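Student: Could you walk me through reading a few features of a model, one at a time?
Tutor: Gladly; let us look at it together.

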There are 2 protein chains.
Amino acid sequence: MAQKPTPLREQTRSVVRSLLARTAIDLFATKGYDNTTLEEVAAAAGISRRTLFNYFGSKEDLALSGLAEQGDLIAARLAERPADEDAWTALRAAFQVLEEIDMTPEARLEFITLLFGNDSLRAGHAEKQARWQNLLAPLIEPRLPDSEHRTLQARAIAAAAITCLQVANEEWVRLDGQADMLDLYDTAVQAIHRP
Amino acid sequence: MAQKPTPLREQTRSVVRSLLARTAIDLFATKGYDNTTLEEVAAAAGISRRTLFNYFGSKEDLALSGLAEQGDLIAARLAERPADEDAWTALRAAFQVLEEIDMTPEARLEFITLLFGNDSLRAGHAEKQARWQNLLAPLIEPRLPDSEHRTLQARAIAAAAITCLQVANEEWVRLDGQADMLDLYDTAVQAIHRP
DNA sequence: CACGCTATTGCACTGAGTGCAACAGACTGC
DNA sequence: GCAGTCTGTTGCACTCAGTGCAATAGCGTG
């Protein structure tokens, strides 16, 4: 029991987590985030309010847990890219993973609309993406030419790429999903590369 | 009374606001954001908790009200720049206004440290800066060459510039204020301009 | 069957945020 | 000086997010 702290528990736990998140997001999307109490979410999931807090630290977590996973996915994909690949090319390839996520366009649109429709969720979203920087920057740094400020440069590139992704996302929502998100991303990146 | 809805009231109100914000930030910085209740802030300012809510919509607002003003300052400065000036040049010039704000380096460092030391404040910070985009992007768009995606491009540039500012800020805190913030900004911008 | 581990749950409490109604002070017209 | 209005302040009661604690229920193991 020392080596294996019961991975089965971990497994069921993460299944329950994503199930709860799904239930919650559905409720949020239909009733509105602010008009939905955790009491209701718990009831809909058939558990107690207190137990909900065993799975998620806050109401925001419940809505945004998916984002943390996305960050991990992107980082993992980025780490797999060839070491000599250009930073922007590698990032672009890593972002491709977002298109492969098991989620219908409708669900994705619903989710992002939810995100942008509430102040504290938008804030949490922005913060979560800011954390992606910490995951991506170390993977970008070795791809840059030697320089005194390489660490800063890596952070800037990671942050800027994520920002472009965010801008593309916003535009994608504005267009009601009637466009390819990564195309929009490419346009955004083009815009900042050269004056 | 129709034309002038007593601008005097507006004036005193904004004075009281900044006074309250100052008091609150001092408390937050010494006791910690989470360990400070609005009850205490109100007491320190000599008003009631309820009245505090007449001036600020939330605890976060109390800590971050300065940021909204900064955004307005930057936008105002940007609007003053010559219309034919390059977007990045104009932005860089507009950001200069941040150095002119009446705030000792110690106070600024204290404030930013406060910002980065708390999850929800970091989130609020990120969100406030995201709102700057909405102010700056329309001022940038006319500076870009005609294109199908000019609006998207303008948003991307505004967002990227703000992101670089944020990265520079983080680095500036990491260096304990021992550097010129705009120099760091320039380095960050350089890094993303060229593939 | 009994034991121990862990997740679940209820309960009570703090603190943010809101709606409402009472109140105090300033300013106006008489 | 006095009555009336307008507005900012305050207290009160309430909802809801989030936390600590202690009791309990469920489950695998001896």
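Predicted model: local features only at pLDDT ≥ 70, side-chain atom pairs only at ≥ 80, totals over all residues.

Tutor: Residues are numbered from 1 along each chain as its sequence is written, chains are lettered from A and ligands numbered from 1 in the order in which they are written, and side-chain values use heavy atoms, with hydrogens and water left out.

Student: How many residues surround DNA strand D, and which are the closest?
Tutor: A residue is near a strand if one of its heavy atoms lies within 4 Å of it. Here 15 residues surround DNA strand D, and the closest are Arg49(A), Arg50(A), Lys59(A), Thr51(B) and Tyr55(B). They divide into 4 nonpolar, 7 polar and 4 charged; Ala, Val, Leu, Ile, Met, Phe, Trp, Tyr, Cys and Pro count as nonpolar, Asp, Glu, Lys and Arg as charged, and the others, Gly among them, as polar.

Student: What parts of DNA strand D lie within 4 Å of the protein?
Tutor: Sugar or phosphate accounts for 49% of those atoms, and bases for the rest. For individual contacts, look for polar ones, meaning a pair of N or O atoms within 3.5 Å (within protein, one must be able to donate a hydrogen and the other to accept it, and residues adjacent in sequence count only if both atoms are side-chain atoms). The side chain of Arg50(A) has an N or O atom 2.5 Å from a base oxygen of DNA strand D. Phosphate oxygens are approached by the side chains of Thr51(B), at 2.6 Å, and Tyr55(B), at 3.0 Å.

Student: What sits over the ring of Tyr33(A)?
Tutor: A charge sits over a ring if NZ of Lys or CZ of Arg is within 6 Å of the ring centre and within 35 degrees of the ring normal. In chain A the charged end of Lys59(A) takes that place, 4.6 Å from the centre of the Tyr33(A) ring. In chain B, Lys59(B) sits over Tyr33(B), also with 4.6 Å to the ring centre.

Student: How many aromatic pairs are there over all chains?
Tutor: A pair of aromatic rings is described by the distance of the centres and the angle of the planes. Rings of Phe, Tyr and Trp (its six-membered ring) pair if their centres lie within 6.5 Å; planes under 30 degrees apart count as stacked, over 60 as edge-to-face and the rest as tilted. The search finds 4. One of them joins Phe95(A) and Tyr185(A), edge-to-face at 5.3 Å centre to centre with 90° between the planes. Phe95(A) belongs to helix H5 (residues 87-95) of chain A and Tyr185(A) to helix H9 (residues 181-193) of chain A, so the pair ties together parts 90 residues apart in sequence.

Student: Is Phe95(A) buried or exposed?
Tutor: Buried means under 20% relative accessible area, exposed over 50%, partly exposed in between (1.4 Å probe, protein chains only). Phe95(A), at 0%, is buried, and Tyr185(A), at 2%, is buried too.

Note on methods. Helix = DSSP H or I, 4+ residues; strand = E, 2+ residues; numbered from the N terminus.
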